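This report goes through one protein chain, from the whole fold down to single residues. Keep the structure in view while reading.

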Amino acid sequence: MRPVVPTWLWTCQDGSPQVSEGAQPGQFVARISVSDPDYGEYARVNVTLEGGEGKFGLTTKDNIIYLICVDEALDREERDRYELSVTATDSGSPPLRAESTFTVEVTDVNDNPPLFDRPSYRHAVPEALHPGSFLLQVTARDKDEGRNGEVVYSLAPADGTHTAWFTIDPQTGVITTAGPLDYEAEPAPQLTVVATDRGQPPLSSSAIVDITIQDGWIKEGWTAGSLEGDPRRGRRGGS
């Protein structure tokens, strides 16, 4: 008789065919049991594993219970699913076989920090900008998924940098003035913007924003709060 189709038992909590990208080589991710209703030598079953591109291996101690183990490190950002096929073949003549195939999903761990689209930013602004005026927008992206890939922006506090003159929207990365600027006190304040994901533990990266304050009143063509590039307000005034 044909061998019984292999029974899979996955180690994840809900029993679905998943494996964490954080699984280490040698860690088993599924248990397989096989049997053959025949007797004697015909009941001996050979089990093989195919697919997975070398990322998974098969091991057994009693030829009844088999373990699928991680053979090589996984990276969900490189590939997020694999096709695995287990074939059970008996020792009869002709040999009979049964096969079971699954798609294994590689689940995410927080292993990538957010990365800014550039390491530093430069921006020149008039000294007479009103509080709440748009300056620029920074952008960071995270390769992870779900909360691991959600990015929150902040300004790193630092003595002597006049960070209090500015504020950043934690969701959009839009930097605006929080109060009046003072060219005489600091003509070129430097900000450190931090992008942090919501993973556990959270990962972060930073970028530098160099601000050049132009002494005097706002020149013709500037409209406080509606500067060129402001995603909240529209276009630069005077155009």
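How many helices and strands are there in the protein chain? The chain has 0 helices and 17 strands. Helices (H or I, at least four residues) and strands (E, at least two) are DSSP runs, numbered from the N terminus.

## Basis of the values

This is a predicted model, in which local features need pLDDT of at least 70, side-chain atom pairs count only at pLDDT 80 or more, and totals for chains, interfaces and linings use all residues. Residues are numbered from 1 along each chain as its sequence is written, and side-chain values use heavy atoms, with hydrogens and water left out.

## The whole chain

Of the 239 residues, 38% count as buried. Buried means under 20% relative accessible area, exposed over 50%, and partly exposed in between (1.4 Å probe, protein chains only).

A contact means heavy atoms within 4.5 Å. Among contacts with a separation of 6 or more, 65% join residues 24 or more positions apart.

## Two loop residues

Most residues other than glycine have a negative phi, and most peptide bonds are trans. E53, in the loop between β4 (45-51) and β5 (56-60), has a positive phi, near 50°. E53 is exposed, with a relative accessible area of 58%.

P201 is placed in the loop between β16 (190-197) and β17 (204-214). The peptide bond from Q200 to P201 is cis, with omega near -5°.

## A strand residue

T59 lies in strand β5 and is partly exposed, at 38% relative accessible area. Not counting residues up to four places away in sequence, T59 touches I65, Y66, L67 and C69.
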